[in-house]
Amino acid sequence: RRVAILISGGGSNMETLVKSMTGDHPARPVLVLSNTPDAGGLAKARALHVPTSVVDHRPFGKDRVAFEAELLKVLKTAKPDIICLAGFMRILSPEFMQHWSGQMLNIHPSLLPKYKGLHTHARAIAAGDSEHGCTVHVVTPELDDGPILGQAKLRIQPDDTAQTLAARVLPLEHALYPKVLRRFAAGDPTPVTLEQ
Ligand code: GRF
């Protein structure tokens, strides 16, 4: 299976995904694509010898259709079977997703369906939740919705801030996403659940 990974920033999730696709793993990374030219993840991908591409969203301004048309064109050249959104910070339109229905995964730093959208760690603390974590799901037209493929959980500590919590969730993302991708690429529907 051919995997394309979309990033916007540091790409730590992309890096763990790429490093996981070795040996008898049923998938291989074929492209890392960023919507920002200065994404730190691009250097990480090049160091791992994965082809990279940039489709900068800024020149397109509000013309989401034109941006997504370019994104689609570049993606199709890589002929991916699976697309992993990993720290990708652009909302994709339902029309775009129709090209990849059932083939696009995303990792979101909350225990979905709780806290769709942004500032998930602060919202979990503000709500007084005792547990938090991250979720990998199949991308559907509704934001941060879609079938859940895996979750990783941890306890929120009394002295946690949004920053300290985010820093403790990120390693869980790195543990969860590769496990989910391996099962998804092998056609194994068993959800992944990790507890810290
Ligand atoms: C992190 O905040 C993570 O929770 C979310 O995207 C952000 C950047 O991750 N998934 P990465 O290092 O670019 O993978």
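What span should the 15 residues of helix H3 have, and how far apart are its end C-alpha atoms? In this predicted model, helix H3 covers residues 64-78, and at 1.5 Å a residue it should span 21 Å; the end C-alpha atoms are 21 Å apart, which agrees with that expectation. Along this helix, the residues Phe67, Glu68, Leu71, Leu72, Val74, Leu75 and Ala78 are buried. The buried residues of H3 pack against strand E1 (2-7), strand E2 (28-34), strand E3 (52-54) and strand E4 (82-85), and also against helix H4 (94-98). Following H3 comes Lys79, which has a positive phi, near 45°.

The largest pocket was examined next, and its volume is about 840 Å³. It is lined by 33 residues, of which Phe88, Met89, Ile107, His108 and Leu118 are the closest to its centre. Two or more lining residues are given by each of helix H1 (12-20), strand E5 (104-108), helix H5 (120-126) and helix H6 (162-185). When the lining is divided by class, 15 residues are nonpolar, 14 are polar and four are charged.

Across the whole structure, a search finds nine salt bridges. Side chains of opposite charge can pair when their charged atoms come close. One of these pairs is formed by the side chains of Lys19 and Glu15, with an N to O distance of 3.9 Å. Both residues belong to helix H1, where Lys19 and Glu15 are four residues apart, or about one turn of the helix. Lys19 counts as exposed, because its relative accessibility is 51% and the cut-off for exposure is over 50%.

Lys114 lies in the loop between E5 and H5, whereas Asp129 lies in the loop between H5 and strand E6 (131-138), so that the pair ties together parts that are 15 residues apart in sequence. The two partners also fall into separate accessibility classes: Lys114 is partly exposed, with a relative accessible area of 41%, whereas Asp129 counts as buried at 16% relative accessibility.

A further salt bridge is formed between Glu142 and Lys116, in which the closest N and O atoms are 3.5 Å apart. This pair links distant parts of the chain, 26 residues apart, since Glu142 is placed in the loop between E6 and strand E7 (148-155) and Lys116 in the loop between E5 and H5. Glu142 counts as partly exposed at 48% relative accessibility, and Lys116 likewise counts as partly exposed, at 29%. Together with Asp145, these two residues, Lys116 and Glu142, are linked in a network of salt bridges.

Most residues other than glycine have a negative phi, and most peptide bonds are trans. With a relative accessible area of 63%, His119 is exposed. In the loop between E6 and E7, Asp144 likewise has a positive phi, near 50°, in a residue other than glycine. Asp144 counts as buried, at 10% relative accessibility.

Gly117 is also placed in the loop between E5 and H5, and at 22% relative accessibility this glycine counts as partly exposed. Apart from its neighbours within four places in sequence, Gly117 is in contact with His108, Arg123, Leu143 and Asp144. Among these contacts, His108 is one of the residues closest to the centre of the largest pocket, and Asp144 is the buried residue with positive phi described above. The C-alpha atom of Gly117 is separated by 22 Å from that of Asp56, a residue 61 residues apart from Gly117 along the chain.

Key. Residues are numbered from 1 along each chain as its sequence is written. This is a predicted model: local features need pLDDT of at least 70, side-chain atom pairs count only at pLDDT 80 or more; totals for chains, interfaces and linings use all residues. Side-chain values use heavy atoms; hydrogens and water are left out. On a 1 Å grid over the protein atoms alone, a cavity is a set of points where a 1.4 Å probe fits but cannot get out, and a pocket is an open set with protein on both sides within 12 Å along at least five of seven lines; lining residues have an atom within 4 Å of a point. Grid points are joined across faces, edges and corners, and a volume is the space filled by probe spheres set on the points. Ala, Val, Leu, Ile, Met, Phe, Trp, Tyr, Cys and Pro count as nonpolar, Asp, Glu, Lys and Arg as charged, and the others, Gly among them, as polar. A salt bridge is a side-chain nitrogen of Lys or Arg within 4 Å of a carboxyl oxygen of Asp or Glu. Buried means under 20% relative accessible area, exposed over 50%, partly exposed in between (1.4 Å probe, protein chains only). The expected span of a helix is 1.5 Å times one less than its number of residues. Contact means heavy atoms within 4.5 Å.
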